[in-house]
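Here are my notes on the model you sent over.

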Amino acid sequence: MTGPVEDERAVAADVPFATRAFEVIWPEAPLPPAPRWPPGSWLLLTDEHPAALGRAVALALALAETGDEALSLPQDDFGELPGFLAGRPVRGVVFLTGAPHAYHDPEDARELLRTVSSVVARLDRGVRFHLVTQARDEPGLVFLRGLIRVLACERPDLRASIVDFDARSDVDTLARELRADAPEDEVRWRHDVRYAARLTRVAPAAEVPAGPGAYVVTGGFGSLGLATARWLADHGATRIVLSGRRGGVADLPGVDVVVVAGDLAEPGVADRLIAEATAGGLALRGIVHAAGVFTEDAEAVWRARVLGTRRLHEATSESQPVWWLLCSPATALFGSPGRVAGATADAWLDAFAAWRRSRGLPAAITRVGAGQVSPAVWRPYFSAVLEEFVHHGEEPGSP
Ligand SMILES: NC(=O)c1ccc[n+]([C@@H]2O[C@H](COP(=O)([O-])OP(=O)(O)OC[C@H]3O[C@@H](n4cnc5c(N)ncnc54)[C@H](OP(=O)(O)O)[C@@H]3O)[C@@H](O)[C@H]2O)c1
């Protein structure tokens, strides 16, 4: 991830890339002792999955053992939240999600996002909000961290957190986590050890193999995509397939340029990209997924980013590239007020890249700061990213 780039000095050759790149790591973060509170109340909300309902019941019993009371509200009554909370001194609102497989389809993940967002919108100041998952690395749940990062900017009063548990963790651990009221907002429990997300500088990683072969660049006529295509052409690409909904024209001397017009989220478009790239038996070396839209229209954002990524994943099941770079803005990492659609879509991408790597498939993500990068700056900047980036998101130090 690179930080904001404001002008040419920021990409001058003598500015080491490593000083501008960040990643998330997960050091151990032991739970602090719980504050000495008198018994209090918690509001437990869930999605409609039986696993979440069952865990909420068990959590209520665990909280009761510590003297606390657990209240609940069915999903149909979420509209009543403000009235329900008024006059009740609730210590925290906890939203528990069900089994990860329920959210593998991005449409289901977005529906969950709508539900959680509707809860958050109804919360008053002063109530802490906790999201509780057992995500097992499922992007359809992990992506909710994008919401938490935006809430850190938009609603700091909620002190929103996301806590992810593995299958070993019992509800007593969850009750201790809630009662500790710890400051961390992204927590993972793995094998009974607690980890918390931290931003740290990232060391430069492996070089990207460019050179002869075929490449696919989605969003190929956008500023990022075109800069990438030029960089690949300069580094000896044989064929570059450029795509966008409207298509376009690109002059890349010495390169076999193929243009595929179409919405990447539509069935068949990603397959055409891969078929064109590998026509005649040419090896597919790299994919750069730079299709995206700058808007808060969640439908458009998720189509280009999330559905587009899924289509590319499916289209490459038989012919994996050597590398696959997902381009994403910094919002998923740092949060950004008013950018829930972008931040959650890009958090999904991040989680999906990790999910692919955990299955031995190539995927790397670069999260680029600032939308104001001028064309004069962008190309050398992106070259630096491509040459030095390809760091694998948050693997190092991950539990
Ligand atoms: N440029 C920056 O400074 C910057 C900084 C940080 C992050 N980023 C991220 O990098 C990505 C690309 O940025 P950019 O500046 O190159 O954006 P851009 O100039 O707006 O280009 C985006 C490209 O994506 C294509 N596209 C959008 N939706 C699509 C879909 N559903 N299917 C296929 N193609 C689609 C667009 O072409 P059509 O409209 O013809 O489909 C366009 O060519 C974005 O996700 C952005 O958030 C950019």
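**Notes on the fold**

1. Let me start with helix α6, residues 171-180. Eight of its ten residues are buried, so α6 is largely enclosed by the rest of the structure. Keep in mind throughout that this is a predicted model.

2. Which residues of α6 are the buried ones? They are Val-171, Thr-173, Leu-174, Ala-175, Glu-177, Leu-178, Arg-179 and Ala-180.

3. Take Thr-173 as an example from α6. Its relative accessibility is 8%, and because the cut-off for buried is under 20%, Thr-173 counts as buried. Setting aside residues up to four places away in sequence, Thr-173 touches Phe-165 and Trp-189.

4. Trp-42 is another one to click on. It sits in strand β2, residues 41-46, and is buried, with a relative accessible area of 1%. Beyond its neighbours within four places in sequence, Trp-42 is in contact with Leu-63, Asp-68, Glu-69, Ala-70, Leu-71, Val-90, Arg-91, Gly-92, Val-94, His-130, Leu-178 and Arg-179. If you want a distance to check, Trp-42 and Ala-60 are 18 residues apart in sequence and 8.6 Å apart in space, C-alpha to C-alpha.

5. Now the nonpolar interior. In soluble globular proteins, nonpolar side chains tend to be buried together. Here the largest nonpolar core has 65 residues, and those with the most contacts inside it are Leu-43, Leu-45, Val-93, Phe-95, Phe-129 and Trp-302. Helix α11 (residues 340-358) supplies the largest share of this core, nine residues. The core also takes at least three residues from each of two domains: domain 1 (8-22 + 203-388) and domain 2 (27-196).

6. What does Phe-95 touch, not counting residues up to four places away in sequence? The list runs to Leu-45, Thr-46, Asp-47, Phe-78, Leu-112, Thr-115, Val-116, Val-119, Phe-129, His-130, Leu-131 and Val-132. Leu-45 and Phe-129 are on it, and they are also among the residues with the most contacts inside the core.

7. Apart from the 65-residue core lies another core, of 21 residues, among them Tyr-215, Val-255, Trp-323 and Leu-325. Strand β14 covers residues 323-329, and six of its seven residues are buried. Strand β13 (residues 284-289) runs parallel to β14, and four bridges join them. For a landmark in this pairing, look for Ile-287, which stands opposite Trp-324 in β14. Together β13, helix α9 (residues 298-315) and β14 form a right-handed β-α-β unit.

8. Strands β7 (residues 186-190) and β8 (residues 193-196) run antiparallel and are joined by four bridges. Arg-190 stands opposite Val-193 in β8. The hairpin has two residues between its strands, and His-191 takes a positive phi near 50° there.

9. A word on backbone angles. Most residues other than glycine have a negative phi, and most peptide bonds are trans. Arg-136 has a positive phi of about 45° and is found in the loop between β5 (128-133) and α4 (139-142). Arg-159, with a positive phi near 45°, is placed in the loop between α5 (144-154) and β6 (161-165).

10. Are these two arginines buried or exposed? Arg-136 counts as exposed, at 61% relative accessibility, while Arg-159 counts as partly exposed, at 39%.

11. Last, the whole chain. It has twelve helices and 15 strands, and buried residues make up 55% of its 399 residues. Of the contacts with a separation of 6 or more, 75% come from residues 24 or more positions apart. The accessible surface comes to about 16,400 Å², with 54% of it belonging to carbon and sulfur atoms.

Notes:
Residues numbered from 1 in each chain as written. Predicted model: local features only at pLDDT ≥ 70, side-chain atom pairs only at ≥ 80, totals over all residues. Heavy atoms only, no water. Core = buried A, V, L, I, M, F, W, Y, C linked by side-chain atoms within 4.5 Å. Buried < 20%, exposed > 50% of the residue type's maximum accessible area, 1.4 Å probe, protein only. Domains from an automatic or database assignment. Contact = heavy atoms within 4.5 Å. Pairing = 2+ DSSP bridges. Right-handed = clockwise from strand over helix to strand, strands pointing away. Areas by Shrake-Rupley, 256 points an atom, 1.4 Å probe, with all protein chains shown as cover.
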